[in-house]
Amino acid sequence: MTAAAAFIPASPPPAAARRRLGGARIAGLGILALWTLLGVAILWLLVAGYDGEMIARYLPRILDGVLTTLQLVGLSLVIGAALSIPVAAGRLSANPAIGAVTFAYSYFFRGTPLLAQTFLVYYGAGQFVGFFREIGLWWFFRDAFNCAVLTFALNTAAYQAEILAGAIRSVPRGQWQAAQSLALPRGVTLARIIVPQALITALRPYGNEVVLMIKGSAIASIITVLDLMGQTRYAFSKTYDLQVYLWAAILYLAMVEILRRVWDVLERRLTRHLQRTD
Amino acid sequence: MNEALSLLSFGPTGWGDEIASGVWVTVSLAASTLPFGLALGFLVALAKTSEDAYLRAGANIYTTLFRGLPELLTLFLIYYGGQIALSAFTQRLFGQPTEVNGFVAGLFALSLVFSSYASEVFLSAFRGIPAGQYEGAQALGLNRIKTMRLVILPQLVRLALPGLSNLWLILLKDTALVSVIGLSDILRNTNVAVGNTKEPFLFFFVACMIYLVLSMVSSIAFGFISGWAERGQETRA
Amino acid sequence: MRMLKTVALAATVLATLVGGAVAQDITKVRIGTEGAYPPFNFQDANGELKGFDVDIAKALCAEMKVECEFVVQDWDGIIPALLAGKFDAIIASMSINEERKKSVAFTNKYYNTPPAVAVPKDSPVTGITAEDLKDLAVGAQSSTTHSTYAEQYLTQSDVKLYPTADEYKLDLENGRLDAVVDDVVVLSDWVESEAGACCKIVGTITPVQEIHGEGAGIALRKEDTALQEKFNAAIEAIRQNGTYETINKQYFDFDVYGG
């Protein structure tokens, strides 16, 4: 017990501030009321518009669409990740020619709409069918799903390369120098020292990129791929019932939210050695 | 090559003038979305920094919703759903339905998406402003509105600018989605041209190049704006 | 008080914007069309709407002495847009069938042509039965009678649906599709043009009453019965006074009105 504490008796905590119905509280309640209203309206729409026959006919198709969406996104992300490594290396390269080429690649795919890229690959490839037949690749481009995967993979590779390159740049130079002074070879330095640190910085942007890919994949529906959006559009074109778009909205939100939660857990686990426990 | 040029020429046989009018639609759609998106995003960010839990929850639902839905789906929901709801409303009120055209639907949907992302940018900018700034303003006797206007906003603009310029580039690209609901933007008009000429590669490539030019021009413009926003910083160094 | 005035003023302005509210006399009709279905409706390099549907629509409007305004709308959204009041009539080669009658009303037909199948010129396909098209990729435009037919009758084919005719044409030409189903006039207009030089028509399909219905009509909202009567009278009138024949001759060397 310190002397000060002995002389100055502990005073009771101040009385809790009286909760007032301030502007913020009113606005908050108003907004929540609005959301509740919207939720009830949607629920009502789904209940009032309940049509057993429609659900039996289109729900299986829509769930099948979810599967296609997951395949599309999964494949694109994995292929894109593989592609992003050489692109990131190019972006970090000291060679100006390699730097320029990879910059142009990345700028093109990040600066143009995914929809336009998809059209370019799908219908553009169709225009050069003779050429693709000759080199024996037409079987690949013939299928709309493959074209979508190719476009999305090229697109996400550009974004992932930027994330990776940015994360590697963010690792302090001291780490390189320390490794060098320990006489570690460059490859080992990169693989054991730099990349593990960079990946932690990159974790959050990677998660965002996965979410963006799930959302962006809806574009595949425009080139006849029957993903979640494609099946939804199909069902809408048959029923003119807006409900089906609400189903799709719920399914997309569920996918994105589950991913976000999983990613948060993952991030917390991977960075647990960085968290301070006091 | 000559053939390609004649296809892209202006006039009755070329598609240059259609594509140019598409550029105008794209740019005006993005430009008119911007003020709504910024204002809405700022308000949502304010709500998120509020001390009131209800207000924060309300704002969080907003961003979860519009950052989680595919932009294409948001657009369809607004375009078809908004049309049905609004028509039913005005039918009852005035005895006549109103039309939600593609432009308005696009403006609305893109504003929702833009503002939910912008709110995150503003939020982290708010967090980048030290509490001392608020305390200093309070010590000077500034009220809350004056604090915001004179002390916080000028710093907020500088902190939020990189994030916002990124969002603007995303917005420019997202406008391409309105081509799906039939608004004659760059992509829709190139699509019509492709249908007529059977030259998909040429036209879609040109469309991509136009988007690239638009984003380059935007980047240059943002360079100037950020120079202006940083004008107070140089003297300090 | 000032507040009240402002609100009142805003309401008036809004009401004026929305249109002459109570005026029942039809003076202006907004017509929705697709603009991607040559030769019936399409946009040229000037962005102008052209085609048989468009000319018929103009003739009908002249006959009804109303002002007409065209609204271009993608096919998938054309019925929802009509129901939502974006326009008052669809004149876009829409077949009158039972499925659509559940949501919209139709005028009498203004033309009737059978569906057909087109394939690449070097295709081994010789017929149009489900057996002939077995295991092949068959394209059609989505939400059309042709897509319904393909899905119900060509059950062993891989049916792919496209938002507009332009897209399935591209894919038939480049070989992604082995065959397409659409209106015979649309397909023959295409295969006879330079753009459709890749392909040929293998045969026409005998229309199925439940699917193909009784020909193309003008779709309207169910409650607009006055407009429906006006349109029917106008169709009858242009059939009688030779206007229909003149337009028919501009586009086709046969009678599209059908039996």
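How many salt bridges does a search of the whole structure find over all chains? The search gives 22 salt bridges in this predicted model. The legends below take up two of these pairs, together with the interface of chains A and B and some backbone details.

**View 1. Chain B, overall.** Chain B holds nine helices and zero strands. Along the sequence the pattern reads α-α-α-α-α-α-α-α-α. Taken along the principal axes, the C-alpha atoms of chain B fill a box of roughly 70 × 55 × 30 Å.

**View 2. The interface of chain B with chain A.** The size of an interface is often given as the accessible area lost when the parts come together. Here the area buried between chain B and chain A is about 3800 Å², and carbon and sulfur atoms give 77% of this area. On the chain B side, the residues that lose the most area to chain A are Tyr54(B), Lys173(B) and Phe201(B); together they account for 15% of what that side buries. In terms of contacts, 44 residues of chain B touch 44 residues of chain A.

View 3. Nine residue pairs are in polar contact between chain B and chain A, with both residues at pLDDT 80 or more. The elements of chain B that give two or more residues to the side touching chain A are helix H3 (53–68), helix H4 (71–94), helix H8 (186–197) and helix H9 (200–229). H9(B) supplies the largest share of that side, twelve residues. By residue class, the side of chain B that touches chain A divides into 29 nonpolar, nine polar and six charged residues. Side chains of opposite charge can pair when their charged atoms come close. Between chain B and chain A the count is two salt bridges. Asp52(B) and Arg25(A) meet through their side chains in a salt bridge, at 2.5 Å from N to O.

**View 4. A nonpolar surface patch with residues of chains A and B.** The patch covers about 760 Å². From chain A come Phe128(A), Phe131(A), Ile135(A), Leu137(A) and Trp139(A), and from chain B come Phe201(B), Phe205(B) and Met209(B). H9(B) gives the most to this patch, with three residues. Met209(B) lies in helix H9 of chain B.

View 5. Glu53(A) and Arg57(A) form a salt bridge in which the closest N and O atoms are 3.3 Å apart. Both residues belong to helix H3 (residues 52–92) of chain A, and because they are four residues apart, about one helical turn separates them.

View 6. Most residues other than glycine have a negative phi, and most peptide bonds are trans. Lys198(B), a residue other than glycine, has a positive phi near 60°. Lys198(B) is placed in the loop between H8 and H9 of chain B. In chain C, a cis peptide bond joins Pro38(C) and Pro39(C), with omega about 5°. Pro39(C) sits in the loop between strand S2 (36–37) and strand S3 (41–43) of chain C.

Conventions: Residues numbered from 1 in each chain as written. Chains lettered and ligands numbered in written order. Heavy atoms only, no water. Contact = heavy atoms within 4.5 Å. Buried area = accessible area lost by both parts, 1.4 Å probe. Salt bridge = Lys/Arg side-chain N within 4 Å of Asp/Glu carboxyl O. Polar contact = N/O pair within 3.5 Å; in protein donor to acceptor, adjacent residues only side chain to side chain. Nonpolar A, V, L, I, M, F, W, Y, C, P; charged D, E, K, R; others polar. Patch = residues over 30% accessible without salt bridge, like charges linked within 9 Å, V, L, I, M, F, W, Y side chains within 5 Å. Areas by Shrake-Rupley, 256 points an atom, 1.4 Å probe, with all protein chains shown as cover.
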